[in-house]
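Open the model in your viewer and keep the selection tool at hand. The stops below say what to select and what is there.

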Amino acid sequence: MTVQPFDRLTATAMPLIRDNIDTDAIIPSREMTSVSKKGLAGGLFAGWRYTAIGGRDPDPAFVMNDPHYAHARILLAGRNFGCGSSREHAAWALAEYGFRAILAPSFNPIFRGNCIRNGIVPVELDAQIITQIAAANPVTVDLIAGTVSLPDGSAWPFALEAEAREMLVEGLDAIELTAKRSADIAAFRAADARQRPWIYL
Amino acid sequence: MGKTLFEKLWDSHVIADLGGGVGLLLIDRILLHERTGGVALESLRDAGRDVLASRQTFVTMDHIVDTLPGRTDRTIMPTGTQFITATRRAANEAGLTLFDIGDPGQGIVHVISPEQAIVLPGATLVCPDSHTCTQGAMGALAWGIGSTEAEHALATATLRVRKPKTMRITVNGRLGIGVTPKDLALHILARFGSAGANGHIVEYAGEAVRALDIEGRLTLCNMATELSAFSGIIAADETTFDYLQGRAYAPTGADWDRALAAWRDLHSDDDATFDVDHVVDAAAVAPMVTWGTSPQHSVALDQPVPAFDAASGRDTREAHDRALAYMDLKPGQSLTGLPIDAAFIGSCTNARLSDLRRAAAILRGHRVAPHVKAICVPGSTSVKAQAEAEGLDRIFIDAGFEWREAGCSMCFFAGGESFGQRQRVVTSTNRNFESRQGPETRSHLASPETVAASAIAGILTDPRNRDAA
């Protein structure tokens with residue numbers, strides 16, 4: 001899948017600062033109705049976003065329905081964001097809705113990998129910094145510089161492994177990158193098959 | 001300095017160091033199911049790519065397929081049929097081994113893989129399913145991935161993996177009588193929290209772990225993902241080798257001997273060091289139950305619903321209050337004796353033969369309380385057949401349980417069957433998230449024994465005290 005490259009984004013950040021938001025909450029299983037990576041944005045946070053299960057009447061109490069955040073492209077979250085099911089539909093739904101970066105104190109590892117492969121930047125920052133950011137908009141995520149900054153000039157660096165950064169900045173397809181090493185892979189497998197023939201059925 | 005088991009597996013599978021702690025790892029086994037695997041296979045085909053190691057790739061139907069007797073491609077989930085037919089078509093086109101509806105090998109992916117020795121010690125195994133960590137119990141490096149990563153693994157037999165840190169949880173002593181691997185898993189979650197192993201692979205070690213049979217180890221590793229771990233792993237030993245020998249995809253003859261020799265070295269060296277080392281006292285573990293909406297919200301059954309504890313650093317007050325409100329519970333309230341509406345025995349956590357045997361031993365000669373809807377879903381078609389050969393199905397049915405076909409069933413709600421709004425369910429599954437088992441359903445995770453004892457009593461019941469209930 002081609003992914004939109006990411007370098008620098010200045011956008012409204014929507015606060016949904018709760019710990020342990022799981023992927024069932026990000027996209028309930030009942031909203032994953034087709035064998036597709038698309039058509040999922042309407043199901044994003046469906047359990048909290050609408051007044052009734054399966055319905056589409058917005059619940060005004062939920063932050064996504066606050067007109068102030070209608071154009072949010074950055075999500076502010078709590079610890080261990082994206083825990084639970086590995087369903088990539090969570091990342092697909094967030095990306096389709098328009099989120100390009102998520103700022104959280106920590107991410108579940110499978111969800112974090114899914115973000116990187118779908119053009120969403122997972123930014124790890126201390127919980128207090130995220131609370132501070134929630135009070136000031138817009139927010140700038142600069143992936144080249146590796147910083148998050150506010151209009152008042154305050155800025156914080158964040159860490160992301162070079163591999164992930166490169167893939168996000170270039171919008172690269174990981175399979176194409178790996179395919180460049182196909183000779184190495186074939187040689188490794190051939191040698192391994194002599195060592196561990198029981199693996200090669 | 002010695003190596004940890006994880007480091008041995010990592011080092012033997014690294015094809016290239018990609019820098020920044022990322023390695024290109026050889027993948028030995030890929031498993032797929034119709035929920036997240038079909039989309040990966042279709043996307044791969046649409047990109048014009050083939051499955052590189054098709055004979056090392058296996059597909060099953062477990063997540064969406066119905067579990068009612070007489071099931072077909074038609075599903076209670078409104079659009080489920082297309083997941084089944086698309087996955088079948090894509091698997092057949094790619095020439096993959098498929099355990100389809102009606103196949104004796106069909107079942108929950110993490111139940112059938114050990115059962116058929118698809119997972120082996122020392123192997124790397126991935127599946128687009130978070131509970132793939134279950135299979136680390138066999139001494140394999142097995143972890144859950146997304147569908148895009150599954151495409152990568154299918155196309156290249158490799159993955160680009162960020163190396164996790166290492167954590168060891170040593171469980172000293174022995175679990176008490178009537179205390180199960182599920183209770184240990186929930187005890188660990190209560191103690192370390194749902195982000196307690198984030199960024200780490202957890203090796204479970206110690207006397208209590210060594211003493212577990214394979215099915216108990218699978219239950220323990222199953223819930224490593226609830227700690228947000230990269231995965232869980234237990235070193236293979238004689239228990240593992242005895243279990244594997246003679247199973248469908250296990251090596252045979254001279255290969256078995258060679259494999260065994262290699263596998264015996266796959267344990268953490270005595271002088272290996274872990275980034276984090278935790279010790280748990282097995283004797284301190286009691287039958288557990290969850291009170292909230294995260295698996296970390298676990299307490300011993302004889303303890304009251306906990307009040308918010310800021311010092312735990314685990315939850316915000318808002319999250320704690322929200323969980324209590326969702327579950328309709330108050331701090332200080334007793335959990336033992338809480339009336340339940342439904343009981344569920346199933347899932348990749350607790351639906352293997354030994355789980356069903358232990359639950360049946362409690363149910364034998366009893367009936368579930370009249371108001372309790374009770375369902376048992378064997379983890380695989382093979383488990384179901386073995387249970388029926390032993391007469392366990394009669395015990396479940398005579399007790400008032402539904403006896404189902406194998407699959408994930410009501411471990412999660414996919415738009416089909418639901419336990420119903422505000423229904424309180426005691427369940428042998430792994431996730432008690434909001435609406436996990438149906439819109440607004442309230443789930444209490446527990447062992448199969450606790451589910452069985454509670455179903456009979458109609459209230460949450462410590463299975464050790466069931467005669468007193």
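Start in chain B by selecting Gly365(B), which comes after helix H12(B) and has a positive phi, near 80°. Helices here (H or I, at least four residues) and strands (E, at least two) are DSSP runs, numbered from the N terminus. The model is predicted: local features need pLDDT of at least 70 and side-chain atom pairs count only at pLDDT 80 or more, while totals for chains, interfaces and linings use all residues. Residues are numbered from 1 along each chain as its sequence is written, and chains are lettered from A and ligands numbered from 1 in the order in which they are written.

Now step back to H12 itself, residues 353-363 of chain B. Which of its residues are buried? They are Leu353(B), Asp355(B), Leu356(B), Ala359(B), Ala360(B), Ile362(B) and Leu363(B). A residue is buried if 20 or more other C-beta atoms lie within 10 Å of its own, exposed if 12 or fewer, and partly exposed in between; C-beta atoms are placed from the backbone.

To see what covers these residues, select helix H8 (214-222), strand E15 (342-345), helix H13 (381-389), helix H14 (392-399) and helix H15 (448-457) of chain B, which are among the covering parts. Contact means that the C-beta atoms of two residues, placed from the backbone, lie within 7 Å.

Next, go to Gly246(B), in the loop that links helix H9 (238-244) to helix H10 (253-263) of chain B. Is Gly246(B) buried or exposed? Gly246(B) is exposed, because 10 other C-beta atoms lie within 10 Å.

Move to chain A, with its eight helices and eight strands. Its C-alpha trace spans about 60 × 45 × 25 Å along the principal axes. Chain A has 201 residues, of which 45% count as buried.

Last, show both chains and look at where they touch. Chain A brings 49 residues to the contact and chain B brings 65. On the chain A side, select helix H1 (23-26), helix H4 (109-116), helix H6 (162-170), helix H7 (174-179) and helix H8 (182-195), the elements that each give two or more residues. H8(A) supplies the largest share of that side, five residues.
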